Amino acid sequence: MRLIVFVFVFFSGAVLAQDGSYSVYLVGDAGEDTTSGHALLMLKRQLDKDPRSAVIFLGDNVYPSGFSNNSPKSRLHLESQLNILKKYKGRVYFIPGNHDWDAQRRRGLDKVKQQKMHIDNYLQNNSAVVNKEDGCFFPAEGLPGPVSVMLNEKLRLIMIDTQWFLHFHKKNKIGSKKQTVKIFYERLDSLLRLSSGNGEQVIIAAHHPVYTNGSHARRMQPWRFMVNCTPFKILGFCGLDRLFSQDIYQPGYRRMRSRLLASMKEYNNIIYASGHDHNTQCFKEEGKRFIVSGNGSKVTKLRKKKRFDSVFQDDQLTGFVKLEFSEDKKITTKIYRVGMDVKLLEAY
């Protein structure tokens with residue numbers, strides 16, 4: 001199978017703004033509804049009046065099991081998000097989540113490819129977004145990335161597909177899986193070094209969080225031990241592993257999380273944005289910001305006992321997060337929730 005290697009190469013789109021302020025909107029897990037819900041309509045109102053901006057859809061763009069050309073309902077789930085972008089004149093990026101990969105099942109790779117094609121075709125024909133000719137769904141071809149785009153002269157977006165590392169079934173590789181992982185982290189480390197040396201602010205956009213107090217931080221013992229460390233592991237090969245693979249305590253997730261944190265460790269110019277848990281959470285660790293914005297169309301409760309200390313968290317309402325970057329390098333985080341005043345995190 002022919003693989004497209006450009007996702008591992010520095011991919012730089014046209015720079016929209018060389019100076020001045022810039023906004024980035026973060027919305028995840030927005031694919032629950034078949035028509036645009038309250039959070040997406042609220043996002044549309046912001047986007048239509050803010051062309052010096054980008055919006056990033058952080059995965060799980062189509063519930064419950066990804067996009068298929070043969071499923072009219074999956075088209076409605078995806079277009080509930082695409083429809084709000086028709087008049088938007090900024091930049092648009094979609095990344096895949098675990099549900100886009102057929103909810104971790106066998107047809108994941110095919111469904112990710114179909115979703116990319118539909119998003120790119122739709123936006124080319126039905127929108128004013130400035131990057132529609134370059135494509136809006138990354139990483140492409142079922143590869144993990146990283147894909148790097150300059151949003152302005154000093155703001156770099158790095159998009160990665162974290163589900164690739166957790167997926168059990170067919171996925172594209174460059175050589176072997178081991179070689180693909182090696183190339184991925186070499187490229188990520190290189191981009192982070194380059195960004196730090198250039199004085200750039202970096203946003204890493206992924207579906208899976210590295211810090212969360214949501215349902216995916218559950219321990220699920222003794223069931224997790226039985227599936228991972230006993231003869232009952234055979235049940236995992238029958239599909240039970242899909243119930244656990246998406247939690248940070250699962251071995252594969254732990255390895256990915258540890259390696260991502262190791263890549264980011266020495267830098268303080270990084271914002272890591274994710275979805276996956278259906279709520280809003282903000283963390284600050286060693287000078288880096290970690291954001292969970294996964295309540296684009298649904299909400300799930302946070303754990304009563306915090307796993308990590310958070311700057312802010314809310315599990316009551318759908319919404320999204322806005323990052324504002326000023327000319328003097330100040331970053332402002334705004335939390336938008338349906339029916340509530342905007343929450344401004346001044347010290348974050």
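Two strands are taken to pair if DSSP finds at least two bridges between them. Helices (H or I, at least four residues) and strands (E, at least two) are DSSP runs, numbered from the N terminus. By these criteria, three bridges join strand β12 (residues 331-337) to β13, and the two strands run antiparallel. The structure is a predicted model, in which local features need pLDDT of at least 70, side-chain atom pairs count only at pLDDT 80 or more, and totals for chains, interfaces and linings use all residues. Residues are numbered from 1 along each chain as its sequence is written, and side-chain values use heavy atoms, with hydrogens and water left out.

Confidence is expressed as pLDDT, the predictor's confidence in each residue, from 0 to 100. The protein chain has an average pLDDT of 89, and 87% of the residues score at least 70. Over residues 1-18, pLDDT stays under 50; for this segment the model has 62 contacts (heavy atoms within 4.5 Å) beyond four places in sequence.

Eight helices and 13 strands make up the secondary structure of the protein chain. Of its 348 residues, 59% count as buried, where buried means under 20% relative accessible area, exposed over 50%, and partly exposed in between (1.4 Å probe, protein chains only). The accessible surface, from the Shrake-Rupley method with a 1.4 Å probe, comes to about 14700 Å², and 52% of this belongs to carbon and sulfur atoms. Among contacts between residues at least 6 apart in sequence, 72% join residues at least 24 apart.

Six strands form an open sheet with mixed pairing, in the order β3-β2-β1-β11-β12-β13. Its edge strands, β3 (91-94) and β13 (343-345), each pair on one side only. On average, neighbouring strands of this sheet are turned by 20 degrees against each other, direction ignored. Axes are lines fitted to C-alpha atoms, for helices over the stretch in contact, and angles run from 0 to 180 degrees between N-to-C directions. Helix α1 (residues 38-48) lies across β1 (22-27), β2 (53-57), β11 (319-325) and β12, and runs at about 25 degrees to β11.

Strand β12 is largely enclosed by the rest of the structure, because six of its seven residues are buried. Strands β11 and β12 pair in the antiparallel sense over seven bridges, with T332 of β12 as the bridge partner of E324. These two strands form a hairpin with five residues between them, and K329 in the turn has a positive phi of about 70 degrees. Towards β13, T333 stands opposite L345 and I335 opposite K343. The hairpin of β12 and β13 also has five residues between the strands, and G339 takes a positive phi near 80 degrees.

A nonpolar core is a set of buried Ala, Val, Leu, Ile, Met, Phe, Trp, Tyr and Cys residues joined through side-chain atoms within 4.5 Å. The largest has 59 residues, of which L43, V55, F57, L85, V92 and L260 touch the most other members. Not counting residues up to four places away in sequence, L260 touches I160, T162, F184, Y185, L188, V210 and Y272. Another core, of 29 residues, lies apart from the largest one and includes Y93, L151, V321 and F325.

Residue D48 lies in helix α1 and is partly exposed, with a relative accessible area of 32%. Leaving aside neighbours within four places in sequence, D48 is in contact with I84, K87 and Y88. D48 and L85 are 37 residues apart in sequence and 8.1 Å apart in space, C-alpha to C-alpha.
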